Every structure is written in C-alpha cells, then in structure tokens.
Amino acid sequence: MSDATADPRFKRTAPKRPMKLSWSDERVRAIFWQVLVVGILVAIVWWLVTNTQRNLEIRRIATGWGFLQREAGLPIAEHMIDYSPTDNYLRALMVGVLNTLKVAIVGIILATILGTLIGIARLSKNWLVSKIAGIYVEVIRDLPLLLQLLFWYTILQGLPGPRQAINPIDGVFLSNRGLLLPWIQWEGAHTAALLAALVGFVLTWMYSDLMRAKQMEDGQPRRIWPIGILLIIGGPIAVWALLGAPFTPDVPALRGFNFRGGLVMSPEYFALLVGLVTYTSGFIAEIVRAGIQSVHSGQWEAAQALGLKPGVVLKQIVLPQALRVIVPPMTSQYLNITKNSSLAVAIGYQDIVSIANTTLNQTGQAIEGIAIIMAVYLSISLSISLFMNWYNSKIALVER
Amino acid sequence: MTFFGHTLKAGLRALAALTALAAAPAMAQAPTQATGTLDAIRARGTLICGVNTGLAGFAQPNSQGVWTGFDVEYCRALAVAIFNDASKVRYVPTTAQVRFTALQSGEVDVLFRNTTWTLSRDTSLGLDFPAINFYDGQGFMVKRSANVASARDLDGATICVQPGTTTEQNLADWARGARIRFTPVVIERLEDNIAAYLAGRCDAYTTDISGLAATRAAQSQPNDHVILPEVISKEPLGPLVRHGDQRFADLVRWVHFGLITAEEFEVTAANVVQLSTTDTRPDVQRLLGRTSELGQMLGVDNRWMVNIIRTTGNYGEIFTRHLTPIGLQRGPNALWSTPGGLQYAPPFR
C-alpha cells in the first residue's frame with residue numbers, strides 16, 4: 001500500500017558527497033572538534049597521573065596496595081563479621097563497608113516508611129494531624145544534618161550510666177552504653193532458617209504472580225496468604241527443627257564496667273540512624289505528598305463514587321499512579337542517605353570513611369585510601385540507582 | 001557548628017593535599033628539592049607551623065587568640081632563628097588525621113604536634129623526625145568515682161581513643177597482651193573525644209600521659225579524675241619535616257639541641273644577653289656565637305641562640321612555664337646529668 005502512494009523521489013538516498021579536507025565541510029569540522037576534545041581529556045588525565053607519580057616519588061611516599069595485607073592493629077567496636085586488631089587492613093575495611101551498608105539499608109527502609117506516613121498525614125483532612133506533619137517537615141528539613149546528629153548523640157550520652165541503666169522489662173537495658181536486648185546465641189541452624197525464610201518469601205511472590213495471572217484468565221480471586229504463611233514461617237521453623245532446634249537465650253547482664261551478652265545497639269549507631277531517618281523522611285514526605293497531589297482529583301472522586309473506602313482508594317487507585325512521580329526523586333534521597341552516612345565520623349560510628357581515614361593516616365597512603373572510599377560509595381550508589389531504575393521501568397505506565 | 005567548619009576544613013585539607021600531589025608541577029611543589037624549605041620560608045616572610053587543635057600546655061590559643069604552649073615555643077624559636085622575630089609564625093591547627101597530609105602537601109613547613117616517632121612513619125610518609133623534644137608514654141585516665149586503681153582492672157571497659165594515632169594501636173596491642181576485653185569509642189576531634197569521656201560514654205580515656213595531664217588540668221575539678229600508674233608504651237614526641245631537605249631538618253634539630261645545651265650551661269632568658277659578651281666558657285661562647293660561626297653553618301645568623309633564648313628561655317624554662325602548671329614532672333625529660341633524664345645534646349662545636 002504505502003509503496004504505491006510514496007513519492008519515488010523520497011526513496012532516493014542523498015548523493016554521496018566526497019569528503020573535502022576543508023573547514024567548510026561540516027563532517028571535517030565535526031571530526032576535528034571530537035578529536036580535539038578527546039585529545040585534551042587524554043592529555044589532562046595523562047598529565048595528572050604521571051605528575052602524581054613523579055611527586056610521590058620525589059617525596060618518597062609509599063604507594064601500592066601491599067598495605068591491605070598488613071596487620072591493621074586498629075580496634076573496631078562494631079563488626080558484623082569476626083574481627084580483631086590482628087586482622088589485616090582489608091578485613092578492617094570490609095568491616096567498615098558492612099557498617100556503612102548496615103546503616104544505609106536500615107536507614108532507607110525506615111526513612112521510606114516514616115516519610116510516606118508523614119507525607120500522607122500532611123494531606124489528612126484532620127487539621128491537627130496535617131499541621132503537625134507540616135511542622136515536622138519544615139523543622140527537620142531546615143536544620144543541618146550534622147547538627148541533628150550531634151544533637152541526638154549528645155542526648156544519648158546524657159542517658160544514665162550502665163549501673164543506673166533504665167530497665168523497663170527484664171533483660172532490656174537503656175544506658176549511655178546503648179540499648180541492650182535479650183537475644184539468642186546465634187548458630188548455623190539460625191542462619192539456615194533465615195535463608196529458608198528468604199526462599200519462602202521469593203516463592204510466595206512467584207506464587208502470587210501465578211495466581212494473579214490465573215485471576216486475569218477466569219476472574220476468580222484466590223487466597224494467597226495460607227500458602228504464604230506456610231512458606232515464610234512454616235518452612236524456616238521446619239528447617240530450624242530439623243537442625244536440632246538450638247535455642248540458648250543470651251540475656252545481657254551487668255558485669256564489671258559494662259553489660260555482657262545480648263543484642264547491643266550502640267549510641268553511635270542509634271544516633272546516626274535516628275538522625276538520617278528523621279532528616280531524610282522530611283524530604284521523602286514532601287515527595288510522597290507531591291506524588292499523591294499529582295493524581296487528578298477526578299480519580300479520587302470516581303473511586304469514591306464506586307463506593308470504595310478511602311484506604312482502598314489510596315492503596316489501589318492513587319498510590320500506583322503516584323508512584324510514577326514518586327520513584328525517580330526517591331532514588332536521590334536513597335543516595336543521599338548512603339552518602340550522608342559518612343558524617344558518622346563526627347560521632348564515632350566506624351563506617352568505611354572512619355576506617356579508611358585511619359588506614360590512610362597509619363599507612364600514609366592517602367591516594368589509595370581516598371580511592372577506596374570513592375569506589376565503595378560509587379558501587380553502593382550505582383547499585384541503588386540500577387535497582388531503582390529497574391523498579392521505575394517496572395511500574396511505569398504500560399501504554400497500549 | 002564549629003565542628004562543621006572543622007570537618008569541612010579537615011576534608012578540604014585532605015583534598016588539597018591530593019590535589020597538590022596530582023596537579024602541581026613537580027618542581028614548584030617540591031621545595032624540598034629545588035629551592036629548599038628555608039628559602040621558601042624566607043621568601044614568604046612567615047614560618048607556617050602545624051600544631052595541635054588545642055591541647056593545654058602544648059598548643060592552645062589563649063583568651064586573646066594568641067597561641068601558647070610548649071610546641072608553640074618551638075615554633076617561635078624557629079621563627080627567631082630565621083627572622084629574629086617570634087611573631088612571624090602562622091599557626092595551622094591540625095587534627096591527628098590530617099597532620100601528615102598537611103606537611104606532605106606543603107601546607108605547613110614543619111609540624112610541632114606531639115607526634116610519636118615510629119619506624120613506619122619515618123619511612124613511608126615521606127617525612128623525617130629531626131629530634132625528640134618530649135619523651136612520653138601512653139596511660140589511662142578514669143573518673144575517681146569509678147574506683148579503679150590499676151589499668152588491669154579495666155577488663156570489659158569502654159575506652160575513648162582518638163583514631164589515626166599510635167595510641168589506638170598501642171591500646172589494641174596492650175589489651176591483647178594483658179587479655180583485657182574493651183570496647184573502643186573513636187571520635188576524630190580531640191574535644192569531642194574528651195567530651196564523650198566526660199559524659200560517661202567511656203569508662204576510661206587513653207592517650208599520652210602529657211595529654212592526659214593537659215586534659216585533667218583543663219577540667220573544673222581536676223581531682224575527680226585519676227591517671228592510672230601504668231605506662232603502656234614509649235612515645236617519643238618530636239617535630240616533623242619533609243624528607244629530603246636536610247638543611248631545614250638540621251636547623252630544626254639544632255634549635256632543639258640549642259635549647260637543651262642552654263639549660264645545661266644555665267643560660268637563661270634573663271642572663272643570655274649578658275653572658276653572650278662576658279662568659280668565658282668556650283662552650284657557651286660557641287653556643288652564643290661569640291666564637292666560631294655555627295649559626296652560619298645552619299644558614300642563619302650567628303647570634304641565633306642569643307635571640308632564641310632571649311625570647312623563649314632554655315628547655316627547662318619552657319618546660320616550667322608550660323608543662324609544670326598542668327602537673328607534669330620533668331621525669332625522662334630532665335637533662336641526662338640528672339638520674340633518669342634522657343635529654344641530651346651533641347656538642348656545639
């Protein structure tokens with residue numbers, strides 16, 4: 001069809017013009033500028049690298065990565081993997097990376113929950129609720145984060161000492177040494193159960209996808225939760241029982257100066273987490289509010305006209321549409337939490353910056369130290385970006 | 001809020017150090033080789049001296065904003081040797097973390113900042129220790145109310161320590177040897193570290209005994225704190241210069257030896273001018289530049305020691321003025337002729 005109506009003149013390609021080595025030829029100009037820009041960039045990088053090398057040599061500053069295998073000798077208070085000062089710098093830095101991840105991941109989850117609640121509260125028809133949410137956002141956003149961190153840390157330092165610890169329930173202690181909770185002695189069976197729960201969660205998710213597809217076919221809603229509970233809770237319990245069901249309670253008790261045993265949340269970690277979560281949730285609240293307000297009021301009215309409850313309208317109609325506006329700026333906030341966690345140095349939480357700083361101070365290898373810090377943040381940030389971009393494309397409006 | 005400025009400054013300094021290494025032409029930024037630190041200081045008209053961020057007795061600005069202390073006297077003595085003017089010094093406060101980069105990058109000419117001389121620092125930082133001006137050792141301070149008599153009782157304690165120091169590593173070594181378990185609290189800035197100890201976040205605070213004494217003296221109730229008897233390390237503290245500039249290193253070294261020698265011959269701020277013309281002891285005549293040209297050999301005026309001692313006094317006078325008030329004894333820092341003393345200077349000849 002289209003062939004018959006097309007003007008034959010448009011099918012012809014433009015005549016090939018021989019390239020003239022002249023300034024008037026736009027292709028020559030384009031190539032010239034590109035070569036020039038790339039050439040300048042390469043020259044700058046080359047100059048920086050060789051000049052740094054020469055300067056390091058003149059100053060006899062040690063270089064190379066050999067220091068990673070040397071004994072670190074630095075004590076670290078909080079470590080998720082086994083660590084002692086006799087371990088090498090590589091292990092110390094890994095402890096730092098895990099500490100950064102620990103505060104970033106938990107911070108992102110909590111800030112998202114708190115921020116979403118406050119964002120919704122700010123749109124509430126209840127005057128008091130919306131005003132309180134509004135004041136929270138304005139106050140929290142306007143104060144520098146470092147100031148807030150020091151504020152929380154100072155407050156936590158003001159708690160009573162371990163001997164006068166606040167002891168609301170047996171085994172729970174709150175003092176200037178942190179919050180101590182009863183816990184169990186962790187064994188291999190517990191790790192296995194945790195993995196089983198993770199597998200159960202993924203299976204439940206796949207199952208619900210399958211059931212939704214079936215519902216699309218025959219219109220019959222199916223219950224997912226019985227299978228879900230079986231997979232997420234039953235599975236891990238079975239695994240744990242099969243491995244001998246180990247259970248030894250580990251209750252904190254005051255011995256000498258400090259508490260021994262139990263699960264410890266240090267004041268440093270707590271102050272950093274609370275500071276990051278409250279600060280970032282102020283921004284997230286505004287993003288959520290903007291997202292919800294971007295959904296046309298006609299959508300609300302139409303859904304309400306169908307007799308849906310406000311909660312259902314929000315969950316099923318408004319939020320899915322608002323998410324498309326919310327997710328991209330949310331990525332920036334998640335990156336901010338990760339990067340702001342480096343302020344930990346100020347309050348003595350040993351994250352990657354703190355440990356890498358000490359390492360470069362002890363070895364004198366500043367360039368390697370800064371390179372490690374940059375590589376770590378770049379990897380974490382790129383991972384967050386990639387995940388959020390994937391999620392964003394998944395929830396994007398499917399246009400038909 | 002002052003903290004924010006401080007962190008920012010510290011960060012900028014680390015970056016500046018990197019940029020200096022990366023971006024500056026090799027020759028212009030390495031005064032150590034081509035022109036020499038001494039010539040660079042003369043051309044600039046001021047000595048830039050890296051000092052502590054605020055440690056009573058060693059380096060601290062007073063209520064008028066004028067830096068005073070043991071380390072500061074050394075900066076002044078060096079400025080007198082070069083310019084015959086103790087005011088031609090700019091003091092740059094440096095944290096434990098940024099001190100080495102500040103010197104490596106050329107931001108300061110010399111560090112007088114209670115820095116421990118160790119083999120790895122001497123060889124891998126591109127820096128040199130010309131002298132030891134204070135023999136120190138690491139100790140612990142606890143609150144009197146904690147009823148601790150010995151460091152051995154610290155098992156299970158939470159201990160405040162500054163990161164990036166030999167103190168941090170000594171603590172780990174000592175705890176391993178003594179089979180003591182402890183939780184470290186590491187906060188970069190000295191003041192915040194001490195504040196954490198005072199607030200009760202830590203049971204003990206550890207650093208060089210001189211630093212403990214300085215901290216204790218600065219409290220409103222010094223007697224509420226006890227320095228435990230154990231000394232767990234050797235901490236020879238001294239100035240630092242960039243590696244490779246022997247001429248400047250020599251000058252820094254002999255300024256220190258001059259102060260020691262002056263004490264040995266009882267040359268003081270009060271009598272130095274008179275002795276420089278009347279003393280008949282050959283050693284004193286050489287020290288004060290009346291005979292031979294020792295100053296010139298170091299590239300400074302021959303009457304350099306007269307000018308220095310007139311301004312700062314000899315080693316003993318500096319010690320008495322700044323360190324005795326914070327409760328420090330001469331101990332190993334007495335002249336070698338005193339039993340237990342280690343301060344010794346090669347002959348001025």
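This is a predicted model: local features need pLDDT of at least 70, side-chain atom pairs count only at pLDDT 80 or more; totals for chains, interfaces and linings use all residues.

A: The chain A side is put together from several elements, and α3 (26-58), α6 (145-157), β6 (258-260), α9 (267-293), α12 (344-347), α13 (352-363) and α14 (366-395) each give at least two residues to it. Of these, α3(A) brings the largest share, eight residues. Sort that side by class and you get 25 nonpolar, 17 polar and seven charged residues.

Charges meet across the interface too, with three salt bridges found there. One of them pairs the side chains of A:Arg177 and B:Asp203, at 2.9 Å from N to O.

Now zoom out to the whole contact. Chain A puts in 49 residues and chain B puts in 55 residues. Together the two chains bury about 4,400 Å², and 55% of that is on carbon and sulfur atoms. On the chain A side, A:Arg59, A:Phe257 and A:Asn361 supply 18% of the area buried against chain B, more than any other three residues.

A:Asn361 turns up again in the lining of the second largest cavity, along with residues of both chains, including A:Leu360, B:Phe100 and B:Leu125. That cavity holds about 60 Å³ of space. Its lining gets its largest share, three residues, from α5(B), while α13 of chain A also supplies at least two. By class, the lining has four nonpolar, six polar and no charged residues.

Methods:
Residues are numbered from 1 along each chain as its sequence is written. Chains are lettered from A and ligands numbered from 1 in the order in which they are written. Side-chain values use heavy atoms; hydrogens and water are left out. Contact means heavy atoms within 4.5 Å. Buried area is the accessible area (1.4 Å probe) that two parts lose on being put together, summed over both. A salt bridge is a side-chain nitrogen of Lys or Arg within 4 Å of a carboxyl oxygen of Asp or Glu. Helices (H or I, at least four residues) and strands (E, at least two) are DSSP runs, numbered from the N terminus. Ala, Val, Leu, Ile, Met, Phe, Trp, Tyr, Cys and Pro count as nonpolar, Asp, Glu, Lys and Arg as charged, and the others, Gly among them, as polar. On a 1 Å grid over the protein atoms alone, a cavity is a set of points where a 1.4 Å probe fits but cannot get out, and a pocket is an open set with protein on both sides within 12 Å along at least five of seven lines; lining residues have an atom within 4 Å of a point. Grid points are joined across faces, edges and corners, and a volume is the space filled by probe spheres set on the points.
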